[in-house]
Amino acid sequence: MRTQAPAGAVAADAVAAAGVEAYPRIVATLIRVTGDWALAEDCAQEALAAALERWPGDGVPINPGGWLMTVARNRAIDVLRRATVERRKLHDLALLTPAEAQPEPEVGEDVVDDRLRLIFTCCHPALAIEARVALTLRTVCGVPTKDIARLLLVSESTMTRRLTRARTRIAQAGIPYRVPGGPALPERLPGVLAVLYLLFTRGYVADGEPAFADEAVRLARLLDRLMPEQSEVAALLALFLFQHSRAEARRDAAGNLLILERQDRDRWDRGAIAEGLDALSRVRHDGPYAWQARIAACHATAPSADATDWPAIARAYDALIGIRPSPVIALNRAVAHGYAYGPHAGLSLLDAAQAGGGLDGNPLAVAVRADLVARQGDRLRSAALFREAAAAVGSTAERRALLDRAHELAP
């Protein structure tokens, strides 16, 4: 049974939406069964291409992800059959039941979630850090190679070679496609957490794809079940949940981005906040994700913007910058001190943060200065700074929000 056949543009949107969820699942499952990364990615791409061709006329399937998995699986079977590979691989592929919903697996000696296996494999220390990031973006997130190249400031041909070398390295080094056990698990953990953080950020940014954030939360929950004794896992999950609880309140009815203080807190997901607080209660160490989660908890539990415990947030940033100094953390610390102790304190820290050059050309630094200047009472200068930030920011939603702030200050 299918829905009424959509127009081409509507079908394309349906393919894009289904692909966000299905692509990493298809790739991860086919890699597990075939051991061939290139084949898995090619079959997933061919399934998406087939959907673009067939769905405008046939209609969107009831289970789009299952349809894509079936097409990709059948394509892999065809390729493997022509290559006369082992019967076991063909048998395993034939046993796949992609149309059925897959519940989160129980954690035991092995975790049966293919995407988690895929992340651990992409983050293997035998790969260079640039390769880990690129391979995860390509294979787990499904980001096109040309977009990864632009993000990492290399040519598309260079990125293609880098991805090929990474896959070859996995095969030649015999890197196992599994979640590691024993002492290797905590050693590999920081790299995996960084990948999940990257995945969540890709979905949470103003113009991001929300499904990536959903997937990061799901995988963080799974990892927390696998490693309940690891504080930073619980902290990362808590951080994701606090941030994600505001997803429905981040835009107004017209789709405009809303800053935190203007969001309707009644629309925040209280269930996610409660789950985040439970995860945070299990944190026993002061790692970078733990401090970020505590900061997010201050925002998530404040009954109003005015009731936010900014001194506690400022103290948390003081601790965070001591263990993970970076220009972005220094920028956020300036914001926190500006709200906790007045705009002059924030501007002093902002000047110090910008002195090192790490925030040069960063439009968010300009926007922070604009906000602090507005709170000092200089509305005209603040409006000019907001417009300067808007001209430099890459996100359409953020640009519109910055211009709105400027218009409010100096119509």
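A: In this predicted model, helix H9 passes helix H10 in a left-handed crossing. H9 covers residues 184-204 and H10 covers residues 210-226. Their axes lie 6 Å apart, and the packing angle is about 150 degrees. Angles over 145 degrees count as roughly antiparallel, so H9 is roughly antiparallel to H10.

The H9 side of the contact is formed by Leu189, Val192, Leu193, Leu196, Leu199, Phe200, Arg202, Gly203 and Tyr204. These meet Pro210, Phe212, Ala213, Glu215, Ala216, Val217, Leu219, Ala220 and Leu223 in H10. By residue class, the contact of H9 with H10 contains 15 nonpolar, 1 polar and 2 charged residues.

Leu226 is also found in H10. Its relative accessibility is 16%, so Leu226 counts as buried.

A second pair can be described in the same terms. Helix H18 (residues 379-392) packs with H19 at an angle of about 165 degrees, and the axes are 8 Å apart. H18 and H19 are therefore roughly antiparallel to each other, and their crossing is left-handed. From H18, the residues in this contact are Arg379, Ser382, Ala383, Phe386, Arg387, Ala389 and Ala390. From H19, they are Arg399, Leu402, Leu403, Arg405, Ala406, Glu408 and Leu409. The contact of H18 with H19 divides into 8 nonpolar, 1 polar and 5 charged residues.

Leu409 belongs to H19, which spans residues 396-409. With a relative accessible area of 15%, Leu409 is buried. Apart from neighbours within four places in sequence, Leu409 contacts Ala374, Arg379, Ser382, Ala383 and Phe386. The C-alpha atoms of Leu409 and Ala384 are separated by 9.4 Å, although the two residues are 25 residues apart along the chain.

Ile31 is in helix H1 (residues 8-34), and its relative accessible area of 2% makes it buried. Once neighbours within four places in sequence are set aside, Ile31 is in contact with Asp36, Trp37, Ala40, Leu118, Thr139 and Tyr177. Ile31 and Asp114 are 83 residues apart in sequence, with a C-alpha to C-alpha distance of 8.7 Å.

Glu41 is in helix H2 (residues 37-58). At 4% relative accessibility, Glu41 counts as buried. Its contacts, with neighbours within four places in sequence left out, are Tyr23, Val27, Arg138, Thr139 and Arg167. The side chains of Glu41 and Thr139 are joined by a polar contact of 3.0 Å. Thr139 is also among the contacts of Ile31.

For the protein as a whole, there are 19 helices and 0 strands. Of its 411 residues, 48% count as buried. Among contacts with a separation of 6 or more, 62% are between residues 24 or more positions apart.

Terms used
Residues are numbered from 1 along each chain as its sequence is written. This is a predicted model: local features need pLDDT of at least 70, side-chain atom pairs count only at pLDDT 80 or more; totals for chains, interfaces and linings use all residues. Side-chain values use heavy atoms; hydrogens and water are left out. Axes are lines fitted to C-alpha atoms, for helices over the stretch in contact, and angles run from 0 to 180 degrees between N-to-C directions. Helices (H or I, at least four residues) and strands (E, at least two) are DSSP runs, numbered from the N terminus. Angles under 35 degrees count as roughly parallel, over 145 as roughly antiparallel, 65 to 115 as roughly perpendicular and the rest as oblique. A crossing is left-handed if the near helix is turned anticlockwise from the far one by less than a right angle, and right-handed if clockwise. Contact means heavy atoms within 4.5 Å. Ala, Val, Leu, Ile, Met, Phe, Trp, Tyr, Cys and Pro count as nonpolar, Asp, Glu, Lys and Arg as charged, and the others, Gly among them, as polar. Buried means under 20% relative accessible area, exposed over 50%, partly exposed in between (1.4 Å probe, protein chains only). A polar contact is a pair of N or O atoms within 3.5 Å; within protein, one must be able to donate a hydrogen and the other to accept it, and residues adjacent in sequence count only if both atoms are side-chain atoms.
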